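Have the viewer ready and follow along, one selection at a time. Each stop says what to pick and what you will find there.

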Amino acid sequence: MKRHSLSTRVWHWVNLICVIILFMSGLNISNAHRWLYWGEWGFAPEQAWLQVPRFPGWATIPDYYSLAAARDWHILTAWPFAIGMLFMWIAMLVSRHFWRDIRTTRDEWNMAAIRNDIVQHLKLNFSHGSGKYNFLQKIAYGLVLGILLPGMIFTGLAISPGFEAAAPWLVDAFGGRQSARSVHFLFSWGIFGFFVIHVALVLLSGPIRQLREMITGGRL
Amino acid sequence: MKRRAVMAGIGAMFVGACSKIADSKVGSSLLGAAEDWHRKAHRALSDRTALVNEYAKADISPYFRGNGSTSVDTDAYRMHAANGFADWRLEVRGLVRNPLSLSMENIRKLPQRTQITRHDCVEGWSAIGEWTGPQLSTILDAAVMDPAARFVVFRCADNLNGADYYESIDLVDAMHPQTIIAHLLNGDDLPEKNGAPLRMRIERQLGYKHPKYLTAIEVVSTLDGIGEGKGGYWEDRADYQWYAGI
């Protein structure tokens, strides 16, 4: 049995490329109007709950300010990102990967055990007993796969006026278009935070082996 | 500082690759095609008359932001404004059996639709206002379109950075119930910054598709030869998406 199934590996790398393009083109789009609002509307600084910094060229796609080109990249990459997410969820449910490996069990929700898990992580001790993932990994992967990544798709659709005619309830579900836009921004930084921690932990836990296994599948 | 330099280096390499892709023939056609896939998906998922949200009076923004052109800098426009746009005409021409030239009085006497909708700018902000005016479909039905008609082009009085503003939509959006020619905002004549005396409302698309200072509606079979051929001022000038439903 492989440590990572083929569907996981293909999705992982396709998704990585998509997320990088979406994040960097998204920062360029953010530069077009750097204020975030709650509710349905908002168009002036005094209505904003947050003024976002201007993101420098090296962090954006393209590397100069172009709302039109950034939207082209964002709109194109949204397709493989969303279809990939759908594919990954179907694969995870069919193979029972989610149920078996990512779902938390009731006895894992135990303060002493969670505290011990955190202490072991801080001591850079990544060996854990039975099961593929420990509690913190399950929470992190569950949050990213279940909430942050799909959340980007749904908030993105809610921002789109053409899609609104197909699903007006989606805008309401987020409490208005500007709320959906704010959540879109916050979730993108949630994904960035996951990315930083994920890469740091891979680097600390044998990066060559980890990378090789995410390509070849590895052995369990 | 060193780590940041490395990050910036990797970022620059990636961005460099992206701009190479964008400049290549396949890359740029792919980037352009994605817009069509979204339009087709939106149209497939909803009825052609499906409406966007309409709001209550209490939801209306305290004022309605003006963006892009906020006035028209010509003597003719100043004279129209000085006499309350009493002599403003809206022409309906192109591939129609009955070309029309409508006065403001004609437009006010047509059946009216009032809708409280949200205006979404491509930049990201939104404002809510109540718009009143006749549906474009009423006028197009009166003019009787030729079977070859495929697009509706909107001609405007404003000139932005040296080019005349114009926009275009296909017939699905032209015949949509919420596509109206607004002459009232929140019950009053349109303010100058919002397009006095007439502006389009094309509610399933972003703000740059809603041209202001409307002078003519042209029914055409192709967008070639109009402006630079990309279907609108921002499309020509900065390669904005022609389908702005995303």
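Predicted model: local features only at pLDDT ≥ 70, side-chain atom pairs only at ≥ 80, totals over all residues.

Gln51(A) sits in strand β2 of chain A, residues 50-51. Which residues does Gln51(A) contact, leaving aside its neighbours within four places in sequence? Show Arg34(A), Trp35(A) and Pro45(A), and you have them.

You will see 9 helices and 2 strands, and reading along the sequence gives the pattern α-β-β-α-α-α-α-α-α-α-α. Along its principal axes, the C-alpha trace spans about 55 × 35 × 35 Å. If you colour by burial, 28% of the 220 residues of chain A count as buried. Among the contacts in chain A with a separation of 6 or more, 69% are between residues 24 or more positions apart.

Now move to chain B and colour it by domain. The assignment gives domain 1 at 1-45 and domain 2 at 51-238, and the C-alpha centres of these two domains of chain B lie 33 Å apart. Then select residues 86-221 of chain B, where UniProt, in an unreviewed entry, places the feature "domain: Oxidoreductase molybdopterin-binding". This stretch is 13% helix and 45% strand, and its end C-alpha atoms are 32 Å apart.

Stay in chain B for the sheets. Pick out the open sheet of 5 strands in the order β2-β1-β11-β5-β6, which has mixed pairing. Strands β2 (100-103) and β6 (163-170) of chain B stand at the edges with a single partner strand each, so one side of each has no neighbour in the sheet. From one strand to the next, the twist averages 20°. Zoom in on β1 of chain B (residues 89-94), which runs antiparallel to β2(B) and is joined to it by 4 bridges. One pairing to display is Glu91(B), whose bridge partner in β2(B) is Ser101(B).

The other stop of this kind is an open, antiparallel sheet of 4 strands in chain B, ordered β3-β4-β8-β9. Here β3 (113-120) and β9 (188-189) of chain B are at the edges, each with a single partner strand, so each has one side without a neighbour in the sheet. Select β4(B) together with β8 of chain B (residues 184-185): they pair in the antiparallel sense over 2 bridges. Thr132(B) stands opposite Leu184(B) in β8(B).

Finally, hide the cartoon and look inside. Which residues touch the most other members of the largest nonpolar core? In this core of 47 residues, they are Val152(B), Phe154(B), Cys156(B), Ile181(B) and Leu214(B). Elements of chain B that each supply at least two residues include β4 (126-133), α5 (136-143) and β7 (180-182), while β5(B) gives the largest share, 6 residues. Centre on Ile181(B): beyond four places in sequence, it touches Ile107(B), Gly133(B), Pro134(B), Leu136(B), Leu198(B), Met200(B) and Leu214(B). Apart from this core lies another, of 20 residues, and among them are Leu22(A), Leu76(A), Phe81(A) and Leu31(B).

How values were computed
Residues numbered from 1 in each chain as written. Chains lettered and ligands numbered in written order. Contact = placed C-beta atoms within 7 Å. Pairing = 2+ DSSP bridges. Axes fitted to C-alpha atoms, helices over the stretch in contact; angles between N-to-C directions. Domains from an automatic or database assignment. Core = buried A, V, L, I, M, F, W, Y, C linked by C-beta atoms within 7 Å. Buried ≥ 20, exposed ≤ 12 C-beta atoms within 10 Å, placed from the backbone. UniProt positions renumbered as here; feature names shortened; annotations may be inferred.
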